[in-house]
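The following exercises concern the structure displayed below. Each task is followed by a solution in steps.

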Amino acid sequence: MPDLPPQIAEWFDRKGWAPRPHQTEMYGIARSGKSALLIAPTGAGKTLAGFLPSLAEMIEAPQPGIHTLYISPLKALSVDVARNLMTPIGEMGLGIRVETRTGDTPVHKRQRQRYDPPNFLLTTPEQIALLTSHPDADRTFSGLRRIVLDELHALVTSKRGELLSLGIARLAKLSPGISITALSATVAQPETLRDWVAAPVAPQAAELVMMKGGAAPEVDILKSTERVPWAGHSATYAFPELYETIKQNGTSLLFVNTRSQAEMLFQGLWEINSDNLPIALHHGSLDVEQRRKVESAMAAGKLRAVVCTSTLDLGIDWGDVDLVIQVGAPKGSSRMLQRIGRANHRLDEPSRALMVPSNRFEVLECEAAIEAIADGAQDSEEPVSGGLDVLAQHVLGMACSAPFRADDLYDEIRHAWPYRNLSRDLFDRVVQFVANGGYALRAYERFARLRLTPDGTWRVANPRVAQQYRLNIGTIIEEPMVKVRLVRARGQKQGATTGPIGRGGRLLGEMEEYFFNQLTPGDTFLFGGEVVAFEMIRENEAYVSRAFAPNPKIPSFMGGKFPLSTYLAERVRTMISSPDNWAHLPDQVRDWLSLQRDVSVLPRRDELLVETFPHEASNFLVCYPFEGRLAHQTMGMLLTKRLERARARPVGFVASEYSLAIWGLGDISAMIRLGRLSLDELFAPDMLGDDLEEWLNESSLMRRTFRNCAMIAGLIERRHPGKEKTGRQLTMSSDLIFDVLNQHEPDHILIQATRADAARGLLDIRRLSDCLDRISQHIIHKPLDRISPLAVPAMVEIGKVQIFGEARESAMAEAAEELMREAAGA
Amino acid sequence: MTAQGVAKVDDRREAVTLTFADQLFVPLPSGALYWPDEQTLLVADLHLEKMSSFVARGLFLPPYDSYATLRLVGRDVEATGAKRLISLGDSFHRDTGTGTLPPDARALLDRLTKDVEWVWIAGNHDPAPHDLGGRCCGGLSIRDITLTHEPAAVHDRVIAGHLHPAARVYINGRSTRRPCFAADDRLLLMPAYGVSTGSINILSDPFTGLLNRAALRVMMLGRDAVYPVSVRRLVRG
């Protein structure tokens, strides 16, 4: 390794520290001008590993302007890293200017940063897009030597990663010879991530440095003396035991998977908080002020516990967390490991974690996660790639910066890993889309945003285009939100629609508008740790009043966010199929599985068990693919279509993380027995053909996906505070746009982009397709005369959960029948 | 977490009718209203050329909405055998839209205006007369029923558009929101017909004082049928 400059070496000596091996290795690679990806657990001093080479270069060859760009997914992280850098820079007596630039940076400072940039600029992917879209981008980045990418594993799994990759490809072109240092937590496919890092600096390669984790974490499952429920996600049975656990530890972080679970847990803990322990709540809907308060109280060591969602998965280092508690299933081993890493950021001591399953299937899932963690197995998501909506946004940004030749830009964007295989044809169609909408019916050429000039370059038609681009930048599309304000209730009974209502109460936070669309005045739900009653929506605010009901009527305001990882699913299937390994399961879970073995069948790992049985007035078909709720939901939609054609008269279905239950009027058992229904045909992979197509066209999930793509691609504008339309109008119009476009030009690139996104995200079609291939010829049918033990969790959900957003015609039909009855005098 | 779906709804029901001002009408799921005794089809708020109007703001929305709307009109004309079509205003999203119809939409409109007697009633979005076939007027009266775009504060025997009415029903834990016909004993409000039009809940401010709740009848547009729904089940939003 080349020696550290004396200023740095002396600083380490004064501190009594020595660079760690991975820091020196990264230093050596970077000083030889090469790029590298460092994979290391949290607390390993990754930031210093990233910046040591920059400090050294600036000491040896001071230069004005930007030398190093640091890009991370979180504003808070940039601010924290800036603070952590300024201390050593000050102590070493170096004249290096470090500044952050985020959406919160004042406009005058941002403008100044363009003509008088700092040496180290700490920023986000969106700011890179903005900076590179200015005509003076080449000057801003003329001295750029290094890019440091932090928490890369978190960025590459979303569209932000695609945007970032394109931004880096542009930076690599503006400043040839730059090197990239990327920092990541442990991932399933380190080589893929390394390729991602190397793509923009090709033909140069990138090194991969993997640091072994420190002490193995100690992970346990809560050994509850209570009964673990069949279904549900609240884990209320465990609240008293959780409270005791919090009491016995210094500081605990309690992770849950959804905001509603966070609300329930927080409220439940305070109900039994007889010692008045400082327990706080942190999730994305709460007011920013309130979240900052919690974070600073946490940093100051004033809290005993924080109940939080994925908002605290990443972020600044708090040092003294003693215990991480995962309430509800972990969903994936990589996610669990990340969360565990939030405890005890000292490498040599083991982190401690406790998992609290909220139902019996989750017990299996928690066991599977513990095995996976012990094996060091990772199941992180792969980087996303090829988003045409993000590419369209980038193409417009590049046009705002300078006229471009299609050939040149095409070569450049293929240096972004997600677009390495993009065809020229698709690229050209994206350019056409940006220029004039790209419709087969060429209606807008007169109004084009980009024009092809005689010298063969594309230019923006007028300066307004650049303004519009800058207002619509980024890939994070928020659901339309409304502010939630606490007001005094109406004088009359709850739900009254007349009478005065108090105004100007306290702001509690924000919530997705669609949640309120399904409420009627008087409905109660949990928010900010208390039960409130919905009063009304006025302009952009939802008025709620304090409700004096102990339990909210509306149980949740969002479904599970993360699907069960394929990897954990397989482990769970394995576990169920091997009774020899049940020894360490809690008694009640073991009894449950044993009973299943006795009265029905335990499917083998590669089998799909399909049970059919009558229950109450319906006939049920329950299967157990373990592929996550989204894939099951899609499967449910498609299977009901097929069952309908087979005249099994299906009525409805319930999809959970583990199973799918369909019920109907036809006797499915008999139909199979008599050869009138073949399960192999029912589950044949060709259901992903025409049936899927037909369903997609009417699916609200498609419309939601389209809205995001259309905003990112610049087909419709985002909502800006205090400006124009409300979110609802905007949602509605994007639905109408989708319908018209899907019907009249179904191969338009935005429809293509929507289909690709939906297949990957909301519908999980790839996973469903893999599943159908896996179970093909491995379906075992078990006709039963009554419900099986394994089916119980799905069956208890029926009637408790809301009807999924399709087939809403039935609500009108019922209201119409009611009218008929009224008319008949009934 | 779980989600639940309903697989199928039986949509086979006999045609719904609506009696207003002593006349029998047939509301169609497209949002058109057929008047058998006059062999007349009524539509409101086509808002043709709405998508293309966004180009003024630099947005390129799919330029297919006019054709899509006119094709629906054509199907309704064919299905009902109407001899006359009356468009109750805001037929175009703005006056200049009459000059920007794409060729396929223009051809379809030319054919339709030749096939049936076509009447354009002026709306607030498209007050100016034009020469796209048919006849332009400010409003008209048939069998003592006034057909107009915007209902006046005081009215009787009026069929109007303009307001884009919609209803939301809430029943057994489920809610559905759809455009609707809304009528009392004096006024019949038509839903907006155009494929690019939005809608407003009839329980919200713009409708205040217009309809007499005691005599209110609401018919929601389903996928394949019109549903006369119980007024007790209406909610806001």
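**Exercise 1.** Determine whether the radius of gyration of chain B agrees with that of a compact globule.

Solution. For 237 residues, a compact globule would have a radius of gyration near 18 Å. The radius is taken over C-alpha atoms, and the globule rule is 2.2 Å times the number of residues to the power 0.38. Chain B has 18 Å, which agrees. Along the principal axes, its C-alpha atoms fill a box of roughly 50 × 50 × 35 Å.

This is a predicted model: local features need pLDDT of at least 70, side-chain atom pairs count only at pLDDT 80 or more, and totals for chains, interfaces and linings use all residues. Residues are numbered from 1 along each chain as its sequence is written, while chains are lettered from A and ligands numbered from 1 in the order in which they are written.

**Exercise 2.** State how confident the prediction of chain B is.

Solution. The mean pLDDT (the predictor's confidence in each residue, from 0 to 100) of chain B is 90, and 92% of the residues score at least 70. Over residues 1-13 of chain B, however, pLDDT stays under 50. Where pLDDT is low, the predicted coordinates should not be read in detail. For the model, ipTM is 0.90 and pTM is 0.85.

**Exercise 3.** Explain why helix H6 of chain A is described as largely enclosed.

Solution. A residue is buried if 20 or more other C-beta atoms, placed from the backbone, lie within 10 Å of its own. Helices are DSSP runs (H or I, at least four residues), numbered from the N terminus.

Key:
Buried ≥ 20, exposed ≤ 12 C-beta atoms within 10 Å, placed from the backbone. Helix = DSSP H or I, 4+ residues; strand = E, 2+ residues; numbered from the N terminus. Contact = placed C-beta atoms within 7 Å.
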